[in-house]
Amino acid sequence: MKKRFMMLVSSALAAGAILAGCGEGNDDTTPVNDGADNGNEVTENDGNNEAAGDGEGFSAKMVTDVGGVDDRSFNESAWAGLTMFGEDYPDVEVDYIQSSDASDYAPNLNRLAREGTDLSFAIGFLMLDDIRTVAEQSPDQNFALVDDVVRDDNDELVENIANLTFAEHEGSFLVGVVAAMHTETDHIGFIGGVESPLIKKFESGFKAGVKYVNPDIEISVQYAQDFNDASRGQQIADTMYGNGADIIYHAAGGTGNGLFTEAIDRAQNGENVWAIGVDQDQALTEGEWAEGNVILTSMVKRVDQAVYQVAEDTMNGNFPGGEILEFGLEDDGVGIAETRDNVSEEAIEAVEEYEAMILNGEIEVPQNDEEYDEFEDSL
(Lines give C-alpha, C1' and ligand atoms only; values in the text may rest on other atoms or scores of the structure.)
Protein backbone atom coordinates (compact mmCIF):
# COMPACT_ATOMS: atom_id res chain seq x y z
CA MET A 1 0.00 0.00 0.00
CA LYS A 2 2.86 2.40 0.73
CA LYS A 3 4.16 1.92 -2.80
CA ARG A 4 0.68 2.65 -4.11
CA PHE A 5 0.63 5.91 -2.13
CA MET A 6 3.89 7.07 -3.66
CA MET A 7 2.64 6.25 -7.16
CA LEU A 8 -0.51 8.24 -6.41
CA VAL A 9 1.52 11.22 -5.21
CA SER A 10 3.42 11.36 -8.47
CA SER A 11 0.35 10.85 -10.64
CA ALA A 12 -1.71 13.51 -8.88
CA LEU A 13 1.08 16.06 -9.14
CA ALA A 14 1.63 15.33 -12.78
CA ALA A 15 -2.06 15.78 -13.49
CA GLY A 16 -2.15 19.06 -11.59
CA ALA A 17 -4.62 17.28 -10.22
CA ILE A 18 -10.30 19.85 6.69
CA LEU A 19 -10.92 18.14 12.28
CA ALA A 20 -9.34 15.50 14.02
CA GLY A 21 -9.94 17.69 17.08
CA CYS A 22 -12.78 15.56 18.40
CA GLY A 23 -10.50 12.54 18.23
CA GLU A 24 -7.26 14.00 19.53
CA GLY A 25 -5.79 11.71 22.13
CA ASN A 26 -8.61 9.23 21.58
CA ASP A 27 -7.77 5.55 21.79
CA ASP A 28 -9.96 4.98 18.72
CA THR A 29 -7.48 6.82 16.52
CA THR A 30 -5.75 4.59 13.99
CA PRO A 31 -2.40 5.93 12.79
CA VAL A 32 -2.15 5.20 9.09
CA ASN A 33 1.48 4.12 9.23
CA ASP A 34 1.19 1.55 12.03
CA GLY A 35 3.22 -1.25 10.50
CA ALA A 36 0.29 -3.29 9.26
CA ASP A 37 0.63 -4.79 5.82
CA ASN A 38 -2.07 -2.64 4.30
CA GLY A 39 -1.00 0.59 5.98
CA ASN A 40 -3.74 0.79 8.63
CA GLU A 41 -5.83 -1.32 10.91
CA VAL A 42 -9.36 -1.92 9.71
CA THR A 43 -12.41 -3.66 11.02
CA GLU A 44 -14.52 -6.19 9.18
CA ASN A 45 -17.80 -4.72 8.01
CA ASP A 46 -21.14 -6.47 7.74
CA GLY A 47 -22.26 -4.17 4.92
CA ASN A 48 -22.58 -4.90 1.25
CA ASN A 49 -18.92 -5.10 0.25
CA GLU A 50 -19.27 -7.80 -2.38
CA ALA A 51 -16.56 -6.55 -4.69
CA ALA A 52 -12.96 -7.63 -4.23
CA GLY A 53 -9.81 -7.24 -6.27
CA ASP A 54 -11.03 -5.98 -9.64
CA GLY A 55 -13.83 -3.82 -8.25
CA GLU A 56 -16.63 -5.23 -10.39
CA GLY A 57 -19.97 -4.13 -8.95
CA PHE A 58 -18.42 -1.65 -6.51
CA SER A 59 -19.28 2.07 -6.43
CA ALA A 60 -17.53 4.94 -4.62
CA LYS A 61 -18.90 8.47 -4.95
CA MET A 62 -18.45 11.80 -3.21
CA VAL A 63 -20.39 14.92 -2.28
CA THR A 64 -18.37 18.11 -2.62
CA ASP A 65 -18.39 21.07 -0.29
CA VAL A 66 -19.61 24.41 -1.68
CA GLY A 67 -16.25 25.09 -3.33
CA GLY A 68 -17.02 22.49 -5.96
CA VAL A 69 -14.91 19.81 -7.56
CA ASP A 70 -12.63 22.31 -9.30
CA ASP A 71 -11.82 24.48 -6.25
CA ARG A 72 -8.06 23.94 -6.73
CA SER A 73 -8.09 22.75 -3.11
CA PHE A 74 -9.40 19.85 -1.03
CA ASN A 75 -12.49 19.03 -3.11
CA GLU A 76 -10.36 18.75 -6.22
CA SER A 77 -7.79 16.70 -4.34
CA ALA A 78 -10.47 14.28 -3.15
CA TRP A 79 -11.79 13.88 -6.67
CA ALA A 80 -8.23 13.30 -7.95
CA GLY A 81 -7.91 10.39 -5.51
CA LEU A 82 -11.27 8.92 -6.48
CA THR A 83 -10.47 9.37 -10.16
CA MET A 84 -7.16 7.54 -9.73
CA PHE A 85 -8.99 4.75 -7.91
CA GLY A 86 -11.37 4.44 -10.85
CA GLU A 87 -8.49 4.37 -13.31
CA ASP A 88 -6.68 1.65 -11.39
CA TYR A 89 -9.89 -0.41 -11.06
CA PRO A 90 -11.82 0.21 -14.31
CA ASP A 91 -14.75 -1.96 -13.25
CA VAL A 92 -15.67 0.26 -10.30
CA GLU A 93 -18.08 3.19 -10.61
CA VAL A 94 -16.85 6.56 -9.35
CA ASP A 95 -18.70 9.87 -9.50
CA TYR A 96 -19.38 13.07 -7.59
CA ILE A 97 -22.28 15.41 -6.79
CA GLN A 98 -21.56 19.11 -6.40
CA SER A 99 -23.05 21.19 -3.58
CA SER A 100 -23.75 24.83 -4.36
CA ASP A 101 -25.04 25.60 -0.87
CA ALA A 102 -24.94 24.00 2.57
CA SER A 103 -28.60 23.09 2.16
CA ASP A 104 -27.52 20.67 -0.59
CA TYR A 105 -25.45 18.44 1.71
CA ALA A 106 -28.22 16.26 3.14
CA PRO A 107 -30.16 15.81 -0.13
CA ASN A 108 -26.96 14.90 -1.98
CA LEU A 109 -25.90 12.36 0.63
CA ASN A 110 -29.42 10.93 0.70
CA ARG A 111 -29.33 10.56 -3.06
CA LEU A 112 -26.18 8.44 -2.91
CA ALA A 113 -27.70 6.32 -0.14
CA ARG A 114 -30.88 5.74 -2.14
CA GLU A 115 -28.83 4.73 -5.17
CA GLY A 116 -27.13 2.02 -3.09
CA THR A 117 -23.64 3.52 -3.37
CA ASP A 118 -21.18 1.18 -1.66
CA LEU A 119 -19.09 4.03 -0.23
CA SER A 120 -20.22 7.67 -0.03
CA PHE A 121 -17.67 10.36 0.84
CA ALA A 122 -18.63 13.71 2.39
CA ILE A 123 -15.82 16.15 1.62
CA GLY A 124 -15.42 18.65 4.45
CA PHE A 125 -16.20 19.11 8.13
CA LEU A 126 -19.22 21.28 7.37
CA MET A 127 -21.13 18.08 6.50
CA LEU A 128 -20.71 16.51 9.94
CA ASP A 129 -24.32 16.86 11.12
CA ASP A 130 -25.76 15.87 7.75
CA ILE A 131 -23.68 12.74 7.31
CA ARG A 132 -24.50 11.62 10.85
CA THR A 133 -28.22 11.99 10.16
CA VAL A 134 -28.10 10.26 6.79
CA ALA A 135 -25.88 7.44 8.13
CA GLU A 136 -28.30 6.81 10.99
CA GLN A 137 -31.16 6.62 8.50
CA SER A 138 -29.18 4.24 6.25
CA PRO A 139 -27.40 1.85 8.64
CA ASP A 140 -26.54 -0.65 5.88
CA GLN A 141 -24.69 1.94 3.80
CA ASN A 142 -21.02 2.88 4.19
CA PHE A 143 -19.98 6.52 4.55
CA ALA A 144 -16.75 8.43 5.07
CA LEU A 145 -16.22 11.99 6.28
CA VAL A 146 -13.12 14.01 5.44
CA ASP A 147 -11.82 16.39 8.13
CA ASP A 148 -13.99 15.61 11.13
CA VAL A 149 -15.00 12.87 13.54
CA VAL A 150 -18.63 11.78 13.76
CA ARG A 151 -20.04 10.66 17.10
CA ASP A 152 -23.55 9.69 18.16
CA ASP A 153 -25.60 11.00 21.10
CA ASN A 154 -23.62 8.71 23.43
CA ASP A 155 -20.32 10.17 22.21
CA GLU A 156 -19.52 6.90 20.45
CA LEU A 157 -18.08 6.60 16.95
CA VAL A 158 -20.64 5.65 14.33
CA GLU A 159 -20.09 2.14 12.93
CA ASN A 160 -20.96 2.92 9.31
CA ILE A 161 -18.85 6.09 9.08
CA ALA A 162 -15.08 6.16 8.54
CA ASN A 163 -13.41 9.34 9.81
CA LEU A 164 -10.51 10.67 7.71
CA THR A 165 -8.35 13.19 9.57
CA PHE A 166 -4.99 14.85 9.03
CA ALA A 167 -2.14 16.43 11.01
CA GLU A 168 -2.61 19.81 9.34
CA HIS A 169 -0.83 21.57 12.19
CA GLU A 170 2.38 19.66 11.50
CA GLY A 171 2.44 20.45 7.80
CA SER A 172 1.56 24.06 8.53
CA PHE A 173 4.47 24.30 10.94
CA LEU A 174 6.84 23.42 8.12
CA VAL A 175 5.53 26.08 5.72
CA GLY A 176 5.73 28.49 8.65
CA VAL A 177 9.43 27.72 8.83
CA VAL A 178 9.78 28.49 5.11
CA ALA A 179 7.88 31.77 5.51
CA ALA A 180 10.02 32.86 8.45
CA MET A 181 13.22 32.20 6.53
CA HIS A 182 12.06 34.13 3.45
CA THR A 183 10.33 37.19 4.90
CA GLU A 184 12.15 40.48 4.35
CA THR A 185 9.74 42.61 6.38
CA ASP A 186 9.40 40.32 9.41
CA HIS A 187 5.64 40.51 8.94
CA ILE A 188 3.63 37.48 7.78
CA GLY A 189 -0.09 36.87 7.33
CA PHE A 190 -2.60 34.02 7.63
CA ILE A 191 -6.03 33.96 5.97
CA GLY A 192 -8.52 31.39 7.25
CA GLY A 193 -11.82 30.33 5.72
CA VAL A 194 -14.47 29.58 8.36
CA GLU A 195 -13.10 29.92 11.90
CA SER A 196 -13.31 26.43 13.39
CA PRO A 197 -11.21 23.92 15.34
CA LEU A 198 -9.96 22.49 12.06
CA ILE A 199 -8.72 25.76 10.55
CA LYS A 200 -7.27 26.68 13.94
CA LYS A 201 -4.94 23.71 13.43
CA PHE A 202 -3.60 25.32 10.26
CA GLU A 203 -3.27 28.72 11.94
CA SER A 204 -1.68 27.44 15.16
CA GLY A 205 0.82 25.19 13.43
CA PHE A 206 1.81 27.90 10.95
CA LYS A 207 2.34 30.54 13.62
CA ALA A 208 4.37 28.06 15.70
CA GLY A 209 6.68 27.34 12.76
CA VAL A 210 7.22 31.04 12.13
CA LYS A 211 7.89 31.85 15.77
CA TYR A 212 10.19 28.84 16.25
CA VAL A 213 12.50 30.36 13.67
CA ASN A 214 12.11 33.98 14.78
CA PRO A 215 9.92 34.93 17.78
CA ASP A 216 10.06 38.59 16.75
CA ILE A 217 8.16 38.18 13.48
CA GLU A 218 4.74 39.83 13.43
CA ILE A 219 1.84 37.61 12.30
CA SER A 220 -1.50 39.02 11.12
CA VAL A 221 -4.53 36.69 11.16
CA GLN A 222 -7.97 37.18 9.64
CA TYR A 223 -10.85 34.85 8.81
CA ALA A 224 -13.09 35.37 5.79
CA GLN A 225 -15.88 33.20 7.31
CA ASP A 226 -16.31 31.71 3.85
CA PHE A 227 -14.56 29.02 1.81
CA ASN A 228 -15.83 30.21 -1.56
CA ASP A 229 -15.41 34.01 -1.78
CA ALA A 230 -12.30 34.88 -3.78
CA SER A 231 -13.11 38.60 -3.74
CA ARG A 232 -13.12 38.56 0.07
CA GLY A 233 -9.82 36.70 0.05
CA GLN A 234 -8.30 39.32 -2.24
CA GLN A 235 -9.60 42.13 -0.03
CA ILE A 236 -8.03 40.61 3.08
CA ALA A 237 -4.75 39.98 1.26
CA ASP A 238 -4.73 43.58 -0.01
CA THR A 239 -5.01 44.86 3.56
CA MET A 240 -2.31 42.53 4.90
CA TYR A 241 0.16 43.30 2.13
CA GLY A 242 -0.65 46.99 2.47
CA ASN A 243 0.18 46.83 6.18
CA GLY A 244 3.62 45.37 5.52
CA ALA A 245 3.21 41.60 5.32
CA ASP A 246 5.23 40.14 2.47
CA ILE A 247 4.18 36.47 2.78
CA ILE A 248 0.63 35.19 3.37
CA TYR A 249 -0.51 31.59 3.96
CA HIS A 250 -4.13 30.64 3.40
CA ALA A 251 -6.34 27.80 4.57
CA ALA A 252 -9.49 29.10 2.95
CA GLY A 253 -10.42 26.89 0.01
CA GLY A 254 -11.68 28.89 -2.96
CA THR A 255 -11.46 32.10 -0.92
CA GLY A 256 -7.71 31.68 -1.04
CA ASN A 257 -7.71 32.10 -4.81
CA GLY A 258 -8.18 35.82 -4.16
CA LEU A 259 -4.87 35.82 -2.31
CA PHE A 260 -3.11 34.64 -5.45
CA THR A 261 -4.81 37.31 -7.57
CA GLU A 262 -3.68 40.05 -5.19
CA ALA A 263 -0.14 38.68 -4.99
CA ILE A 264 0.13 38.60 -8.80
CA ASP A 265 -1.20 42.17 -9.08
CA ARG A 266 1.40 43.40 -6.61
CA ALA A 267 4.23 41.42 -8.20
CA GLN A 268 3.38 42.95 -11.56
CA ASN A 269 3.70 46.37 -9.91
CA GLY A 270 7.18 45.56 -8.69
CA GLU A 271 6.43 44.47 -5.12
CA ASN A 272 8.27 41.50 -3.63
CA VAL A 273 5.41 39.51 -2.10
CA TRP A 274 4.67 35.79 -1.78
CA ALA A 275 1.70 33.52 -1.15
CA ILE A 276 1.66 30.03 0.37
CA GLY A 277 -0.86 27.52 -0.95
CA VAL A 278 -2.70 24.71 0.78
CA ASP A 279 -4.06 21.18 0.28
CA GLN A 280 -2.52 20.71 -3.18
CA ASP A 281 0.73 21.83 -4.77
CA GLN A 282 -1.02 25.00 -5.86
CA ALA A 283 1.96 26.34 -7.82
CA LEU A 284 1.00 23.77 -10.45
CA THR A 285 -2.32 25.48 -11.09
CA GLU A 286 -2.16 28.99 -9.60
CA GLY A 287 0.16 31.96 -9.13
CA GLU A 288 1.77 32.20 -12.56
CA TRP A 289 2.72 35.59 -13.97
CA ALA A 290 5.15 36.82 -16.64
CA GLU A 291 8.24 36.57 -14.47
CA GLY A 292 7.52 33.45 -12.47
CA ASN A 293 5.11 32.32 -9.78
CA VAL A 294 4.02 34.17 -6.63
CA ILE A 295 3.52 30.93 -4.69
CA LEU A 296 6.49 30.33 -2.42
CA THR A 297 5.39 26.81 -1.47
CA SER A 298 2.24 24.93 -0.44
CA MET A 299 1.23 22.79 2.51
CA VAL A 300 0.12 19.59 0.81
CA LYS A 301 -2.63 17.62 2.52
CA ARG A 302 -3.13 14.23 0.91
CA VAL A 303 -6.91 14.05 0.76
CA ASP A 304 -6.43 12.17 -2.51
CA GLN A 305 -4.32 9.54 -0.76
CA ALA A 306 -6.85 9.11 2.05
CA VAL A 307 -9.83 8.80 -0.30
CA TYR A 308 -7.98 6.28 -2.45
CA GLN A 309 -6.98 4.13 0.52
CA VAL A 310 -10.42 4.01 2.11
CA ALA A 311 -12.10 3.28 -1.23
CA GLU A 312 -9.68 0.44 -1.96
CA ASP A 313 -9.96 -1.04 1.53
CA THR A 314 -13.76 -0.90 1.43
CA MET A 315 -13.84 -2.51 -2.01
CA ASN A 316 -11.77 -5.36 -0.58
CA GLY A 317 -14.15 -5.91 2.33
CA ASN A 318 -12.20 -3.92 4.92
CA PHE A 319 -14.34 -0.84 5.49
CA PRO A 320 -12.83 1.09 8.47
CA GLY A 321 -16.21 2.06 9.91
CA GLY A 322 -16.23 3.46 13.43
CA GLU A 323 -12.54 4.36 13.21
CA ILE A 324 -10.49 7.54 13.03
CA LEU A 325 -7.77 7.33 10.41
CA GLU A 326 -5.07 9.95 10.92
CA PHE A 327 -2.75 10.90 8.05
CA GLY A 328 0.39 12.68 9.25
CA LEU A 329 4.00 13.47 8.44
CA GLU A 330 5.31 9.94 8.83
CA ASP A 331 3.15 8.58 6.02
CA ASP A 332 3.29 11.67 3.78
CA GLY A 333 -0.28 12.59 4.73
CA VAL A 334 0.85 16.22 5.05
CA GLY A 335 4.02 18.04 4.09
CA ILE A 336 5.75 20.54 1.85
CA ALA A 337 4.88 20.61 -1.86
CA GLU A 338 7.25 19.10 -4.39
CA THR A 339 7.46 22.41 -6.29
CA ARG A 340 10.29 24.23 -4.53
CA ASP A 341 11.71 26.52 -7.20
CA ASN A 342 11.25 29.58 -4.98
CA VAL A 343 12.43 27.97 -1.73
CA SER A 344 16.04 28.39 -0.66
CA GLU A 345 18.25 25.40 0.06
CA GLU A 346 18.70 26.75 3.58
CA ALA A 347 14.96 26.70 4.15
CA ILE A 348 14.63 23.19 2.72
CA GLU A 349 17.36 21.95 5.06
CA ALA A 350 15.59 23.60 8.01
CA VAL A 351 12.30 21.95 7.03
CA GLU A 352 13.97 18.55 6.99
CA GLU A 353 15.56 19.19 10.38
CA TYR A 354 12.34 20.37 12.01
CA GLU A 355 10.32 17.58 10.44
CA ALA A 356 12.65 15.06 12.09
CA MET A 357 12.27 16.89 15.40
CA ILE A 358 8.47 16.72 15.15
CA LEU A 359 8.56 13.02 14.34
CA ASN A 360 10.85 12.17 17.25
CA GLY A 361 8.85 14.27 19.70
CA GLU A 362 11.30 17.11 20.25
CA ILE A 363 8.77 19.58 18.89
CA GLU A 364 5.11 19.26 19.85
CA VAL A 365 3.15 21.37 17.39
CA PRO A 366 0.12 23.22 18.84
CA GLN A 367 -3.35 22.65 17.41
CA ASN A 368 -5.40 25.44 19.00
CA ASP A 369 -5.09 28.86 20.62
CA GLU A 370 -4.43 27.52 24.12
CA GLU A 371 -1.68 25.18 22.97
CA TYR A 372 -0.18 27.91 20.80
CA ASP A 373 -0.01 30.33 23.74
CA GLU A 374 1.83 27.70 25.77
CA PHE A 375 4.15 27.01 22.85
CA GLU A 376 4.95 30.70 22.36
CA ASP A 377 5.61 31.13 26.09
CA SER A 378 8.15 28.30 25.92
CA LEU A 379 10.28 29.95 23.22
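Let's start with strand β9, residues 247-251: 5 of its 5 residues are buried, so the strand is largely enclosed by the rest of the structure. Buried here means under 20% relative accessible area, with a 1.4 Å probe and protein chains only. Strands are DSSP runs of E, at least two residues; helices are runs of H or I, at least four; both are numbered from the N terminus.

A word on the source. This is a predicted model, where local features need pLDDT of at least 70, side-chain atom pairs count only at pLDDT 80 or more, and totals for chains, interfaces and linings use all residues. Residues are numbered from 1 along each chain as its sequence is written, and side-chain values use heavy atoms, leaving out hydrogens and water.

Back to β9. Ile-247, Tyr-249 and Ala-251 point one way. Ile-248 and His-250 point the other way.

Which strands pair with β9? Strand β7, residues 187-192, runs parallel to β9, joined by 5 bridges. Phe-190 has Tyr-249 as its bridge partner. Strand β10, residues 274-279, also pairs with β9 in the parallel sense, over 3 bridges. There, Ile-248 partners Ala-275. Pairing takes at least two DSSP bridges between the strands.

Now the helices. The axes of α7, residues 230-242, and α8, residues 257-268, come within 6 Å and cross at roughly 45°. Axes are lines fitted to C-alpha atoms, for helices over the stretch in contact, with angles from 0 to 180 degrees between N-to-C directions. Contact means heavy atoms within 4.5 Å. Among the residues that meet are Ala-230 and Tyr-241 in α7, and Leu-259 and Arg-266 in α8.

Terms used. Buried < 20%, exposed > 50% of the residue type's maximum accessible area, 1.4 Å probe, protein only.
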